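Here is a short report for a reader meeting this structure for the first time. Keep the sequence and the 3D view open while reading.

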Amino acid sequence: MSLKSLYESGIEYNDFLNSKDVDTKDKVLDIYNNIEIGKDLEDKIKAVDKEVDIIAFAEIWCPDCMLNVPALEKIHILNPKINFKVVSREGNEKYLDDYAIDGKPRIPTFIITDKTQKVLGAFIERPEIVRKVENSGNQVDVIVTKKKYRKGEFIPHTITDVLNIISNKDI
């Protein structure tokens with residue numbers, strides 16, 4: 001199956017929300033409703049002038065997906081040129097081989113393509129800033145950062161990482 005076919009087989013955000021129990025849906029909706037990005041980042045989202053498709057490999061039960069998939073919905077609502085669909089990791093692992101960490105496919109993985117399905121890049125599991133802290137070895141910083149991450153405080157960083165891939169630069 002091509003990336004285009006895989007993208008087309010994906011489900012919309014609302015179908016993703018409704019794919020499991022009500023408690024999980026409510027948690028994800030709460031995360032989405034509490035995303036605060038600021039005017040500057042909102043303007044950067046709206047300034048994207050090329051159409052892109054994002055294949056979001058995600059599962060609703062996954063804590064990282066609960067945080068980062070709503071970030072994609074926020075981007076899409078602010079700029080309809082940035083489209084995404086969700087596909088399950090299960091059964092699609094072969095598409096994640098190039099993005100695996102330590103040989104294991106991670107979710108969420110967002111493969112970002114232009115309209116010709118040329119891969120622009122990928123967001124894998126967590127924002128870059130969180131991964132850097134996790135790899136720093138400073139246990140206190142790791143604990144503090146993970147608590148903030150789980151509260152949704154790094155969602156603007158997820159959005160910035162995705163925008164950096166789309167624009168092929170650091171914002």
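## A loop residue to begin with

Glu125 sits in the loop between S4 and helix H6 (128-134). Helices (H or I, at least four residues) and strands (E, at least two) are DSSP runs, numbered from the N terminus. Glu125 is not a glycine, yet its phi is positive, at about 70°. With a relative accessible area of 11%, Glu125 is buried. Buried means under 20% relative accessible area, exposed means over 50%, and partly exposed lies in between (1.4 Å probe, protein chains only).

The model is predicted: local features need pLDDT of at least 70, side-chain atom pairs count only at pLDDT 80 or more, and totals for chains, interfaces and linings use all residues. Residues are numbered from 1 along each chain as its sequence is written, and side-chain values use heavy atoms, with hydrogens and water left out.

## The sheet

Four strands form an open sheet in the order S2-S1-S3-S4, and their pairing is mixed. Strand S2 (82-87) and strand S4 (119-124) are at the edges; each has a single partner strand, so one side of each lacks a neighbour in the sheet. On average, neighbouring strands are turned by 20° against each other, direction ignored. Two strands count as paired if DSSP finds at least two bridges between them.

In which sense do S1 and S2 pair? They pair in the parallel sense, over six bridges. Ile54 stands opposite Phe84 in S2. The chain crosses from S1 through H5 to S2, and this β-α-β crossover is right-handed. Right-handed means that, with the strands pointing away from the viewer, the path from the first strand over the helix to the second runs clockwise.

## Strand S2, seen from both faces

Ile82, Phe84 and Val86 point one way from S2. Asn83, Lys85 and Val87 point the other way. Six of the six residues of S2 are buried, so the strand is largely enclosed by the rest of the structure.

Strand S3 (residues 109-114) pairs with S4 in the antiparallel sense, over five bridges. Ile112 has Gly121 of S4 as its bridge partner. Ile111 has Ala122 of S4.

The hairpin has four residues between its strands. Gln117 lies in this loop between S3 and S4 and takes a positive phi near 70°. Is Gln117 buried or exposed? Gln117 counts as buried, at 14% relative accessibility. Not counting residues up to four places away in sequence, Gln117 touches Leu3, Lys4 and Asp53. Contact here means heavy atoms within 4.5 Å.

## Helices on the sheet

Helix H5 (residues 63-78) lies across strand S1 (52-57), S2, S3 and S4. H5 runs at about 150° to S2. Helix H8 (residues 155-167) also packs on the sheet, touching S1, S2, S3 and S4. The direction of H8 makes about 165° with that of S4. Axes are lines fitted to C-alpha atoms, for helices over the stretch in contact, and angles run from 0 to 180 degrees between N-to-C directions.

## The nonpolar core

How many residues does the largest nonpolar core have? It has 50 residues, and those with the most contacts inside it are Phe57, Val69, Ile159 and Val162. H5 gives the most to this core, with seven residues. A nonpolar core is a set of buried Ala, Val, Leu, Ile, Met, Phe, Trp, Tyr and Cys residues joined through side-chain atoms within 4.5 Å.

Leaving aside neighbours within four places in sequence, Ile159 is in contact with Ile37, Leu41, Ile45, Ala71, Lys74 and Ile75. Phe110, in strand S3, counts as buried at 0% relative accessibility. With the neighbours within four places in sequence again left aside, the contacts of Phe110 include Ile54, Val69, Leu72, Phe123 and Val162. Phe110 and Val162 are 52 residues apart in sequence and 8.5 Å apart in space, C-alpha to C-alpha.

Most residues other than glycine have a negative phi, and most peptide bonds are trans. Asp102 is exposed, with a relative accessible area of 76%.
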